[in-house]
Amino acid sequence: MTEHTTVNSIRKIVIAGGGTSGWLAAAAISKVLGKNLDITLIESPEIGRIGVGEATIPTLRVFHKLLGINERELMAHVQGTFKLGIEFSNWANKGDRYFHSFGLIGKDCWACQFQHFWLAGKKYGIDVPFGDYCPESKAARLEKCSGENDGVNYAYHLDATLYADFLKNFSIKHGAKHVEGHIEKVIVSPENGFIKSLLLKDGREIEGDLFLDCTGFRAMLIDGALNTPWVPYGHYLPCDSAIALQTELVRAPRPYTQSIAHDFGWQWRIPLQHRAGNGMVYSSRHVSDDEAMSTLLKNLEGRPVTEPRVIKYKTGRRMKAWNKNCIAVGLTASFIEPLESTSIHLAMSAIYRLMRYFPQNEIVMSNVDEFNKQSAEEIDRARNFVILHYHATQRDDTEFWRYCKNMEIPEALARRVNLFKDTAAIALEEKELFLNDSWVQVMMGQGIAPSAYHPIVDVMDEKELKNFLGYLKTSVSEKVSAMPSHQDLINQYCKAVAPV
């Protein structure tokens with residue numbers, strides 16, 4: 001059944017909350033649809049931005065291209081560095097290490113992906129690390145990097161506060177209005193339960209046709225006013241707390257994020273041009289805030305330059321990301337956890353989706369239902385990829401890791417793991433965020449070893465396979481040897497002006 005609302009024309013867009021997701025929404029909507037819309041973003045100067053996530057994934061670059069954002073200017077403004085992937089330490093076993101790169105690995109054929117050729121090579125004694133067939137992986141180990149003109153797939157490390165400021169200036173330039181004020185009350189229409197306006201502390205009332213809730217974990221509109229339920233992920237993702245702080249840089253920035261597992265969670269290191277972001281993600285059921293803090297402080301590379309902040313969170317997603325005339329974006333809509341840097345991507349993806357399903361004259365339920373279905377599927381699939389890191393572990397040295405190793409996992413993830421174990425294949429759904437090579441690198445890195453590979457590979461004899469693998473390895477080595485160091489690339493391309 002199609003239910004039409006009484007909203008006849010969607011002209012006034014009100015974005016509640018600044019921060020990364022609010023300004024991402026303002027930037028995209030003002031640039032792409034702004035000529036026909038009146039866009040207002042309300043930001044409270046009293047509420048600090050969480051700004052923990054400073055690592056991104058490569059999809060953000062596509063978003064920037066759509067908006068016509070100049071990468072050099074952006075990188076210099078946000079004190080950015082390049083990110084070729086993530087190094088995981090102590091996840092499968094204490095003392096081990098593997099790399100999840102953003103690049104394509106080797107070469108596929110029509111019937112199977114490259115991991116099948118690599119596995120076949122082992123029977124002929126070819127013992128070359130999987131990452132040596134990937135320029136991004138090899139470059140990261142050597143701390144080299146090059147830009148997109150060389151076909152390298154990278155993301156950014158950025159200062160989240162400076163990034164929101166960059167997007168704010170961009171949005172205002174494209175016609176978005178910025179209102180400073182504290183939202184005191186959400187006024188809901190008694191006729192249809194839609195949000196009518198937002199009342200600010202100083203008495204101003206901001207009316208709108210469509211509201212974007214970017215108020216973070218507070219979820220003032222989608223939850224506070226519309227009581228939209230939260231689907232919790234806590235059973236699968238036991239971490240519920242994070243501590244974030246910044247330190248001085250003590251070395252040249254690495255072109256990757258570090259994720260170091262501890263007895264009760266994991267620690268991140270994210271290098272920027274002027275400082276390093278650090279944090280500890282942990283399960284409060286398995287460790288106290290004080291012990292987590294003390295472990296983090298003992299494992300820093302540089303002197304802290306900010307006070308540590310403890311952030312409590314609940315993993316999960318809204319049952320409906322779009323309810324009535326309100327759309328949740330960013331932390332209001334979902335939070336998986338910082339591992340694999342999905343937060344900015346999911347905010348961006350919700351904004352893309354809104355622009356694809358933007359209502360013309362009125363909000364129709366078929367549109368809303370499709371938006372919600374796609375949102376839920378995307379977030380659940382990204383969640384499954386993150387669960388894999390915790391569950392596929394040999395660690396049983398602490399209560400936390402024993403829980404992760406033995407917990408029940410979603411059926412879709414269990415099927416994917418079993419298929420890979422039995423056949424080395426990854427069967428992807430349509431429009432997944434993490435693709436074949438991401439799943440293969442994490443599965444093998446976490447110790448899942450396939451027992452077979454695709455028979456088509458055996459059409460190649462030993463000599464052909466050795467030549468094929470040898471050629472790929474050499475071409476990766478040649479490409480990487482021509483790259484500048486990560487620090488040189490930053491100096492030449494996007495060196496920031498030193499902060500005052």
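## Overview

Please keep in mind that this is a predicted model. Rolling a probe the size of a water molecule over the atoms shows where empty space is left. In this structure, three cavities of 30 Å³ or more turn up.

## The largest cavity

Strand 15 (265–271) and strand 16 (276–282) each contribute at least two residues to the lining of the largest cavity. Strand 15 gives the largest share, with three residues. Sorted by class, this lining has eight nonpolar residues, four polar ones and five charged ones.

## The second largest cavity

About 100 Å³ of space is found in the second largest cavity. It is lined by 15 residues, of which A333, S334, L346, A350 and I379 lie closest to the centre.

Here the elements to look for are helices: helix 8 (343–356) and helix 9 (365–391) are the ones that give two or more residues to the lining of the second largest cavity. Helix 8 provides the largest share of that lining, five residues. By class, the lining of the second largest cavity divides into nine nonpolar, four polar and two charged residues.

Technical notes
Residues are numbered from 1 along each chain as its sequence is written. This is a predicted model: local features need pLDDT of at least 70, side-chain atom pairs count only at pLDDT 80 or more; totals for chains, interfaces and linings use all residues. Side-chain values use heavy atoms; hydrogens and water are left out. On a 1 Å grid over the protein atoms alone, a cavity is a set of points where a 1.4 Å probe fits but cannot get out, and a pocket is an open set with protein on both sides within 12 Å along at least five of seven lines; lining residues have an atom within 4 Å of a point. Grid points are joined across faces, edges and corners, and a volume is the space filled by probe spheres set on the points. Helices (H or I, at least four residues) and strands (E, at least two) are DSSP runs, numbered from the N terminus. Ala, Val, Leu, Ile, Met, Phe, Trp, Tyr, Cys and Pro count as nonpolar, Asp, Glu, Lys and Arg as charged, and the others, Gly among them, as polar.
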